[in-house]
Amino acid sequence: MSASTAPRLAWLNGELVPWDSCVLHVRTQGALWGANVFEGVRAYWRAEDRQLNLFRLHDHLERLWHSMKSLHMAPPYSKPAVEEACVALLQGNEFEEDVHVVVVAYFGMGANFDPMGHTDDTGLHVTALPFRRPDAYGRGVSACVSTWRRISDDTMPPRVKAGANYHNSRLAYQEAARNGYEGAVILNRHGTVAEGPGACVVLVRDERLISPPATSGALEGITLATVAEIARDELGIALERREVDRTELYAADEAFFCGTLAELQPIVSVDRVPIGDGVPGALTRRLQELYEHAARTEPERRGLATPVYGAAAGAVRPEAVGA
């Protein structure tokens, strides 16, 4: 399946449906006002044993449930049911390549079709598309500091992965693209670094890893947690969570975006200022290798895999690891 071809199936409120039938009424609160919460999950294809593994699915669903709780959204399905839905969807589409899965829980119709009022009418849909790594994973990206500021916890809580929140990220990303950049770094209202559009920001200084804390406006990243674990376990390097000034970006030896879609995407310049030598750095490259090993080669050993095919299909680990 090419990346431009839609798969056969999606999952909508309890059943597999044709892709084009996975639709909501335009007056649902989830569609009209972005009153939804979501998670993106990667599934990694391993050709040698023809296995597709959903990576850290349990952790992503834990975060989805936290987001629903913050929005006073009644979960429309149990976590095991959503895990089964993800596996069934990938099996039904017979994917044999890397896939990006999106799970969305949404508010339906309000009383008298009121988009503002609370409703217990909730639903959930799951879609999945093939997703190949972009060239930027290898060569890195040029980024700018966005003129848009990151939402804060007293306006639109950034640790809640809500659809409406991502208009903030979209504004920053579109602005960067119009100005000839491939990525953006978003500052918070205090002027320190928050995150990139849909990804955490990590700096390398003197062989130390540094990333802004969640209190800076960054999402509590699952991919970042994985990087922190492998850096600690494999390299003996701890991830330092602290505030990062804008000018510290320019002083960094290396930098990268870190997220489910981005994985570890090198940042080679910010505001036309080269980061380090202006090429992906050695520690970033080593962490890419270790992350690849953890996500594709040995996620079962680490307890981070939900297998899609074979006798082990649907198996999930009993507890989260560093979510």
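**Questions on a predicted protein chain**

In this predicted model, the secondary structure of the protein chain comes to nine helices and 16 strands.

User: What radius of gyration does the protein chain have, and which value would a compact globule of 323 residues have?

Analyst: The C-alpha trace of the protein chain spans about 55 × 50 × 35 Å along its principal axes, and 54% of the 323 residues count as buried. For a compact globule with 323 residues, the radius of gyration would be near 20 Å, and the value for the protein chain agrees with this, being 20 Å.

User: Which strands stand at the edges of the open sheet of seven strands?

Analyst: The order of this open sheet is S2-S1-S6-S5-S3-S4-S16, and the pairing is antiparallel. Each edge strand has a single partner strand, so one side of each is left without a neighbour in the sheet, and the strands in this position are S2 (15-18) and S16 (305-307).

User: How many degrees does the twist average from one strand to the next in the sheet with the order S2-S1-S6-S5-S3-S4-S16?

Analyst: The strands in question form an open sheet of seven with antiparallel pairing. From one strand to the next, the twist averages 30 degrees.

User: Which residue in S4 is the bridge partner of Trp45?

Analyst: Strand S4 covers residues 51-55 and runs antiparallel to S3, to which four bridges join it. Within S4, the bridge partner of Trp45 is Leu52.

User: Is Thr28 buried or exposed?

Analyst: Thr28 is found in the loop between S2 and H1. Since buried means under 20% relative accessible area, and the relative accessibility of Thr28 is 6%, this residue counts as buried.

User: How many Å apart in space are Thr28 and Ala199, C-alpha to C-alpha?

Analyst: In sequence, Thr28 and Ala199 are 171 residues apart. In space, their C-alpha to C-alpha distance is 28 Å.

User: What accessible area do Leu32, Trp33 and Met116 have together?

Analyst: Trp33 lies in the loop between helix H1 (29-32) and strand S3 (36-46), and at 46% relative accessibility Trp33 counts as partly exposed. Together with Leu32 and Met116, Trp33 forms a nonpolar patch on the surface, for which the accessible area is about 340 Å².

User: How many Å apart in space are Leu129 and Pro7, C-alpha to C-alpha?

Analyst: Leu129 lies in strand S6, which covers residues 122-130, and is partly exposed, with a relative accessible area of 35%. Leu129 and Pro7 are 122 residues apart in sequence, while in space their C-alpha to C-alpha distance is 6.9 Å.

Terms used: Residues are numbered from 1 along each chain as its sequence is written. This is a predicted model: local features need pLDDT of at least 70, side-chain atom pairs count only at pLDDT 80 or more; totals for chains, interfaces and linings use all residues. Side-chain values use heavy atoms; hydrogens and water are left out. Patches are made of residues with over 30% relative accessible area and no salt bridge: like charges are joined within 9 Å, nonpolar side chains (Val, Leu, Ile, Met, Phe, Trp, Tyr) within 5 Å. Accessible areas come from the Shrake-Rupley method with a 1.4 Å probe; for residues, only the protein chains shown count as cover. A salt bridge is a side-chain nitrogen of Lys or Arg within 4 Å of a carboxyl oxygen of Asp or Glu. Helices (H or I, at least four residues) and strands (E, at least two) are DSSP runs, numbered from the N terminus. Buried means under 20% relative accessible area, exposed over 50%, partly exposed in between (1.4 Å probe, protein chains only). Two strands pair if DSSP finds at least two bridges between them. Axes are lines fitted to C-alpha atoms, for helices over the stretch in contact, and angles run from 0 to 180 degrees between N-to-C directions. The radius of gyration is taken over C-alpha atoms; the globule rule is 2.2 Å times the number of residues to the power 0.38.
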